[in-house]
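Student: I would like a close look at one part of this model. Please take me through the packing in one go.

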Amino acid sequence: MITAIVLIKTSVDRIPEIAEAIAALDSVSEVFSVTGTYDLIAMVRVAKHDDLAEVIPGRISKIPGVEATDTHVAFRTYSQHDLEAAFSIGLDA
C-alpha cells in the first residue's frame, strides 16, 4: 500500500464542501482542515504508484475550488496502532 500526504490550497469560502468532496473519493482515507499555508490535508492510499496520478491530478485537482496541491509520498509508516499490534503478538488477553 502506498500512502501519499496531499497538501491542498482551496477557495477559503468553500473549505467544508471541498473537504467533503475529497473525502468521498475512493482511495482517500482522511481529510483534515488545518491552519497555515494549506487549507486541507488528504491522506491517499493506493495499491501502486500509477494510481496516484489517477487520484490526485485526475480527481482531487479537478474538484471545483481546489487551487493547488503539493504531494508527499511516504517511504515508511510508523504508528502507535502498529506498535500495539506488534507487542500483543503471542499474548493471551
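Student: Among contacts between residues at least 6 apart in sequence, what percentage join residues at least 24 apart? Then turn to Ile22: is Ile22 buried or exposed?

Tutor: This is a predicted model, in which local features need pLDDT of at least 70 and side-chain atom pairs count only at pLDDT 80 or more, while totals for chains, interfaces and linings use all residues. Residues are numbered from 1 along each chain as its sequence is written, and side-chain values use heavy atoms, with hydrogens and water left out.

Your percentage is 66%, for contacts between residues at least 6 apart that join residues at least 24 apart. Contact means heavy atoms within 4.5 Å.

The protein has three helices and four strands. These are DSSP runs, numbered from the N terminus: helices are H or I with at least four residues, strands E with at least two. Their order from the N terminus is β-α-β-β-α-β-α. The four strands form an open sheet, ordered β2-β3-β1-β4, with antiparallel pairing. Strands pair if DSSP finds at least two bridges between them. At the edges are β2 (28-33) and β4 (66-73), each pairing on one side only. The average twist is 20° from one strand to the next. β1 and β4 are joined by seven bridges; Leu7 has Asp70 as its partner in β4.

Now the helix. Ile22 lies in α1. α1 lies across β1, β2, β3 and β4, at about 165° to β2. Axes are lines fitted to C-alpha atoms, for helices over the stretch in contact, and angles between N-to-C directions run from 0 to 180 degrees.

Ile22 itself is buried, with a relative accessible area of 0%. Buried means under 20%, exposed over 50%, partly exposed in between (1.4 Å probe, protein chains only). Of the 93 residues, 29% are buried. Beyond four places in sequence, Ile22 touches Ile8, Val28, Val31, Leu40, Ala42, Ile60, Ile63 and Val66. Val28 touches Ile22 in turn, and also Ala23, Ala42, Met43, Val44, Val55 and Ile60, leaving aside neighbours within four places.

The largest nonpolar core has 20 residues, and Ile8, Ile22, Val28, Val44 and Ile60 have the most contacts inside it. Two or more core residues come from each of β1 (2-10), α1 (15-23), β3 (40-46) and α2 (49-55). Such a core is a set of buried Ala, Val, Leu, Ile, Met, Phe, Trp, Tyr and Cys residues joined through side-chain atoms within 4.5 Å. In soluble globular proteins, nonpolar side chains tend to be buried together.
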